[in-house]
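Subject: Structure handover and findings

Hello,

My notes on what turned up in it follow below.

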Amino acid sequence: MTPFFDPWWLPVIFAGLMGLSILLYVILDGYDLGVGMLTRLEKDENRDLMVASIGPFWDANETWLVLGIGLLLVAFPVAHGLILTQLYLPVVLMLVALILRGVSFEFRAKAPPEHKQRWDNAFFAGSLLTALCQGYMLGAYVLGFDQSLASVLFCLLAALGLVAGYLFVGACWLIYKVEGDLQKRAVRWAEVTLWLTALAMAIISIATPLLSERIFERWFRLPEIIALLPIPIAAATLFIGLAIFLRRPLRARDELSWVPLATAGILFALGFVGIAYSFYPYLIADRLDIWQAAASPESLSIILIGALFVLPVILGYSILSHWIFRGKATHLSYE
């Protein structure tokens, strides 16, 4: 069977689709994981409003994770086996946390008042454990799954860094979706987690080129270093600009409440572009590139047709749901 597309480009296309899915997951599910962790800081009424703000979106946001891992499985089966073998324990813990989070989200709204606190605690724990596991996996991936003590400590630091990032984007989501005193507290949360996120991104950015000589040369040799300067400059400018923006007084109906969330999304995208550039064309640093890991061109050609149908449907649904439930959040009710 002759493939429908150039065999050389097929792995590149799938790597791009997989990367897009993971980026959208980190941004979209990142804000609802962040809100889940921030619920710990509020009382019942505000906690209900925070959960209501993500109610129409959280389960659809997780679809991007399923799509990203699914593309890894069908398009890069060799890499899928190697990566998930190395990350077996954190992946299992993440799945348990996601299940706990989903169950507690539904049960907290229907449980009798005396049991509601337990489900709120479970929702917080599920959100936190999910973020920690994903951060640990990111650190392990950046270090090429090295098992030394220093590497494990770095992975734990990356886990805390991603928690800070999710808290940051969750706080920005609340600035956009709520009003009044809760919005003002969300601004304070965003101010604190903004700099923690900046620190985490800086550590990852420094560690990644130190991982291998190839990555170091890609970033710091001429003329690449000049062409790549806009990425860290743009990130630093956005961090500083958002810090200044968050200090401005908020009006009762702030038309610019979307700015922190949009800025957070751009910052995550810049970080993702940096990691993608560092590792391309490798799926596992300096060990396995996308062509070595890819399935046969004939299989990829058929799979691509399905992927190009499924991805716009998921993207369209996400856009539609955010459009329908635009504006400030109201209390969620199952009655």
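Is phenylalanine 216 buried, partly exposed or exposed? Phenylalanine 216 counts as partly exposed, because its relative accessibility is 38%. (Buried means under 20% relative accessible area, exposed means over 50%, and partly exposed is in between, with a 1.4 Å probe and protein chains only.)

Ground rules next. This is a predicted model, where local features need pLDDT of at least 70, side-chain atom pairs count only at pLDDT 80 or more, and totals for chains, interfaces and linings use all residues. Residues are numbered from 1 along each chain as its sequence is written, and side-chain values use heavy atoms, leaving out hydrogens and water.

**Overall build**

The protein chain has 15 helices and 2 strands. (These are DSSP runs numbered from the N terminus: helices are H or I with at least four residues, strands are E with at least two.) The radius of gyration is 20 Å, close to the 20 Å that the globule rule gives for 335 residues, so the chain is as compact as a globular protein of that length. (The radius is taken over C-alpha atoms; the rule is 2.2 Å times the number of residues to the power 0.38.) Along its principal axes, the C-alpha trace spans about 60 × 45 × 40 Å.

Of the 335 residues, 48% are buried. The accessible surface of the chain comes to about 16,400 Å². Carbon and sulfur atoms hold 72% of that surface. (Areas come from the Shrake-Rupley method with a 1.4 Å probe; for residues, only the protein chains shown count as cover.) Now the contacts, meaning heavy atoms within 4.5 Å. Take those in the chain with a separation of 6 or more: 81% are between residues 24 or more positions apart.

**Nonpolar patch**

Back to phenylalanine 216. This residue lies in helix 10. Phe216 forms a nonpolar surface patch with Ile206, Leu210 and Phe220. Together the four have about 430 Å² of accessible area. Helix 9 (180–211) and helix 10 (213–220) are the elements that give two or more residues to the patch. (Patch residues have over 30% relative accessible area and no salt bridge; like charges are joined within 9 Å, and nonpolar side chains, Val, Leu, Ile, Met, Phe, Trp or Tyr, within 5 Å.)

**Salt bridges**

The whole structure contains 8 salt bridges. (The criterion is a side-chain nitrogen of Lys or Arg within 4 Å of a carboxyl oxygen of Asp or Glu.) Three of them are worth a look on screen:

- Arginine 108 pairs with aspartate 48 at 2.7 Å, N to O.
- Aspartate 120 pairs with arginine 108, with the closest N and O atoms 2.5 Å apart.

Aspartate 120 and arginine 108 are both buried. Arginine 108 has 6% relative accessibility. Lysine 116 counts as buried too, because its value is 18%.

**Serine 104**

Serine 104 is in helix 6 (residues 88–108). Its relative accessible area is 0%, so it is buried. Beyond residues up to four places away in sequence, serine 104 touches Trp119, Ala122 and Phe123.

**Valine 178**

Valine 178 lies in the loop between helix 8 (149–177) and helix 9. This valine is buried, with a relative accessible area of 1%. Leaving aside neighbours within four places, valine 178 contacts Leu49, Gln183 and Lys328. From alanine 235, valine 178 is 57 residues away in sequence and 27 Å away in space, C-alpha to C-alpha.

**Cysteines**

How many disulfides does the structure hold? The count is 0, where a disulfide is a pair of cysteine sulfur atoms within 2.5 Å. Cysteine 155 is buried at 2% relative accessibility. Cysteine 172 is buried at 0%.

Best wishes
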